[in-house]
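Me: I would like to learn how to read the features of a model such as this one. Please take one term at a time and then show me the case.

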Amino acid sequence: MKTCKEVHRLVIEGQDRKLPLMERIAVRVHLMMCGACRRFEAQMQFLREAVRRLPGR
Amino acid sequence: MTEAEFQAELNRLRPTLMRFAVLQLRDEQSAEDAVQDTLLAALEGRERFSGRSQLKTWVVSILRNKIVDRIRQRSREAPLPEVSDNEAEDFDGLFEPDGHWADKPADWGDPAKSFEQGRFFEVLELCMKALPENLSRVFLMREVLEMETEEICKELAMSSSNCWVVLYRARMRLRECLQLKWFAQGVGSE
């Protein structure tokens, strides 16, 4: 079982490289059970979306 | 659209282009040059603009390329100092020794609510400008110029692991900054 600390790192790395299948699964499983990490993942997606909107506005 | 109308349209886009270029290049003069090149290229390439896409989208895509060219050139002339791997550890304080969150991430709510407010993007730009140059350059290549991480590492002659560390730090700092300067002000979520 991965810790939140490991998972937050993998959530970020997952935005920059394709994680190996086993890691992707471990992250998914953790996120299913952990609201704090789900919020962290949502924050990271929010950030990406926000930055990509910068040029067009 | 007549030639004159086309030019007028381009001129109207100039402030937007400038702001975008300054953010990425962090220097008025090179931003000015990049925008100038872009407007020139747009005028010369007018036939290639089909009118199918928005003019702004088309011109911004030209500007992206001009910015990438300049970043490439800069990286050849003045490589950025490596970020040491252990510097990535300064976010350790967010976690308990057992790996649980010490400081649980807040709910940022519906992103669309923030995006509707112009002020949000001002805060975001502020946060991006506050990043150290070596973090910001890699982050912008990744997120604004939408380059693949591999490509960026190669371009900047960095190891892949160093690239990931830099991107990690940039994202964590921006998160921290948005939390502090936007969400903690109670403007984002509710």
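Reply: Start with helices: helices (H or I, at least four residues) and strands (E, at least two) are DSSP runs, numbered from the N terminus. By that numbering, B:R26 lies in the loop between α1 and α2 of chain B. This is a predicted model, in which local features need pLDDT of at least 70, side-chain atom pairs count only at pLDDT 80 or more, and totals for chains, interfaces and linings use all residues. Residues are numbered from 1 along each chain as its sequence is written, chains are lettered from A and ligands numbered from 1 in the order in which they are written, and side-chain values use heavy atoms, with hydrogens and water left out.

Me: Are B:R26 and B:A157 buried or exposed?

Reply: Buried means under 20% relative accessible area, exposed over 50%, and partly exposed in between (1.4 Å probe, protein chains only). B:R26 has a relative accessible area of 29%, so the residue is partly exposed. B:A157, at 68%, is exposed.

Me: How do I judge the span of helix α3 of chain B?

Reply: The expected span of a helix is 1.5 Å times one less than its number of residues. Helix α3 of chain B (residues 55-77) has 23 residues, and from its first C-alpha to its last it reaches 33 Å, close to the 33 Å expected.

Me: Which elements do the buried residues of α3(B) pack against?

Reply: Contact means heavy atoms within 4.5 Å. The buried residues of α3(B) include B:W58, B:I62, B:I67 and B:R70. Their partners in packing are α1 (3-25), α2 (28-44), α6 (133-143) and α7 (149-155) of chain B.

Me: B:R70 is an arginine in that list. What does its side chain make a polar contact with?

Reply: A polar contact is a pair of N or O atoms within 3.5 Å; within protein, one must be able to donate a hydrogen and the other to accept it, and residues adjacent in sequence count only if both atoms are side-chain atoms. The side chain of B:R70 has such a contact with the side chain of B:D37, at 3.0 Å. B:R70 has a relative accessible area of 18%, and therefore counts as buried. Leaving out residues up to four places away in sequence, B:R70 touches B:L25, B:S30, B:D33, B:A34 and B:D37.

Me: How many salt bridges cross the interface of chain B and chain A?

Reply: The rule finds six. One of the pairs is B:R171 and A:D16, at 2.4 Å, N to O. B:R171 lies in helix α8 of chain B and A:D16 in helix α1 (residues 4-16) of chain A, so this pair joins two chains. Both B:R171 and A:D16 are buried. Another pair is B:E143 and A:R52, at 3.4 Å. A network of salt bridges links A:D16, A:R48, A:R52, B:R142, B:E143, B:E146 and B:R171.

Me: How much area do chain B and chain A bury between them?

Reply: Buried area is the accessible area (1.4 Å probe) that two parts lose on being put together, summed over both. For chain B and chain A this is about 3,400 Å², with 66% of it on carbon and sulfur atoms. In contact terms, 45 residues of chain B meet 27 residues of chain A.

Technical notes
Salt bridge = Lys/Arg side-chain N within 4 Å of Asp/Glu carboxyl O.
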